[in-house]
Amino acid sequence: MKEHNPDNPILHEAVNGTPVATPNKAPKKRDLDTMINGFQGDSSSTSRSYPIPKPTLERDFQMSVQLNPKISVGPGIWGQRNWISYISGHWNGRWGKGTVVPGGQDSQLVAPDLSTHLDANFLLQTHDHPPAFISVKTDGWRVGPRETLEKLEDPALADEVDPKSYSFRLYVHMETGDTRYLHLNTGMWIGSGIRRGTEVIYDAYRVV
């Protein structure tokens with residue numbers, strides 16, 4: 001004899017062979033006012049008494065890097081993989097200046113529409129005596145119209161491209177053991193880049 005188990009749709013279907021129709025539950029509404037003024041039922045009104053600070057960006061340093069010719073690793077399971085190493089470069093900012101040590105690299109993953117994920121590593125050397133060395137890692141995306149991205153891949157055409165016609169944005173992380181620059185280890189930066197021939201130029205904005 002078949003049993004009716006309305007409170008357990010899975011068991012009901014297993015025993016009776018027919019699924020129980022369950023009404024669709026409307027999603028809970030969380031409006032903008034709730035997000036700004038606090039959650040209902042919060043008698044302490046913590047979010048009103050202690051407003052969350054809004055982060056801002058401060059231009060912190062600029063870096064320019066000369067590129068070696070691109071090496072195509074070939075198509076992989078995630079897309080076209082390219083490898084670009086760095087010849088040299090220089091940087092300057094609010095907390096110092098110096099050079100980019102030769103030998104850094106950018107591992108690029110290119111999607112079918114030519115949107116490119118960038119995963120790069122640099123080593124900065126300061127002009128101090130003795131110099132400090134700072135490891136820099138960036139990752140982000142270069143995206144835009146296909147015809148624009150095609151030109152950026154060609155050093156002879158990259159100078160013609162308007163930087164406003166594409167987006168070149170990065171997360172920037174830095175690390176050092178030098179006591180003069182330990183404050184960099186806990187910093188956060190957002191970068192914006194452009195391509196000029198065989199050169200890439202980055203502006204890094206500190207999140208404060």
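## Ground rules and overview

Buried means under 20% relative accessible area, exposed over 50%, and partly exposed in between (1.4 Å probe, protein chains only). The model here is predicted, so to speak of local features takes pLDDT of at least 70 and side-chain atom pairs count only at pLDDT 80 or more, while totals for chains, interfaces and linings use all residues. Residues are numbered from 1 along each chain as its sequence is written, and side-chain values use heavy atoms, with hydrogens and water left out.

The protein chain has five helices and ten strands, taken as DSSP runs numbered from the N terminus (helices are H or I, at least four residues; strands are E, at least two). Of its 208 residues, 34% are buried. Among the contacts (heavy atoms within 4.5 Å) with a separation of 6 or more, 51% are between residues 24 or more positions apart.

## The nonpolar core

A nonpolar core is a set of buried Ala, Val, Leu, Ile, Met, Phe, Trp, Tyr and Cys residues joined through side-chain atoms within 4.5 Å. The largest one here holds 32 residues, and Met63, Phe122 and Tyr202 touch the most other members. Two or more residues each come from strands S1 (57-67), S3 (80-93), S6 (116-126), S7 (133-143), S8 (167-175) and S10, plus helix H4 (146-152).

Click on phenylalanine 122 and, leaving out residues up to four places away in sequence, you'll find it touching Met63, Val65, Tyr86, Val100, Ile134, Ser135, Val136, Thr138 and Tyr202.

Aspartate 203 sits in strand S10 (residues 199-207). At 17% relative accessibility, aspartate 203 is classed as buried. Once residues up to four places away in sequence are set aside, aspartate 203 touches Arg59, Phe61, Gln62, Ile190, Gly191 and Ser192.

Glutamate 175 belongs to strand S8, and its 56% relative accessibility makes it exposed. The C-alpha atoms of glutamate 175 and isoleucine 134 are 5.8 Å apart, although 41 residues separate the two in sequence. Ignoring neighbours within four places, the contacts of glutamate 175 are Phe133, Ile134, Ser135 and Asn185.

## Salt bridges

Take a side-chain nitrogen of Lys or Arg within 4 Å of a carboxyl oxygen of Asp or Glu as a salt bridge, and the count is eight. One of them pairs arginine 94 with glutamate 58 (3.0 Å, N to O). That pair links distant parts of the chain: arginine 94 is in the loop between S3 and strand S4 (96-100), glutamate 58 is in strand S1, and they are 36 residues apart. Arginine 94 is exposed at 54%, whereas glutamate 58, at 32%, is partly exposed.

Glutamate 153 and lysine 70 make another, with their closest N and O atoms 3.1 Å apart. Glutamate 153 is in the loop between H4 and helix H5 (155-158) and lysine 70 is in the loop between S1 and S2, so this bridge ties together parts 83 residues apart in sequence.

Most residues other than glycine have a negative phi, and most peptide bonds are trans. The peptide bond from histidine 129 to proline 130 is cis, with omega near 0 degrees, and proline 130 is in the loop between S6 and S7. Leucine 114, in the loop between strand S5 (105-110) and S6, has a positive phi near 75 degrees.
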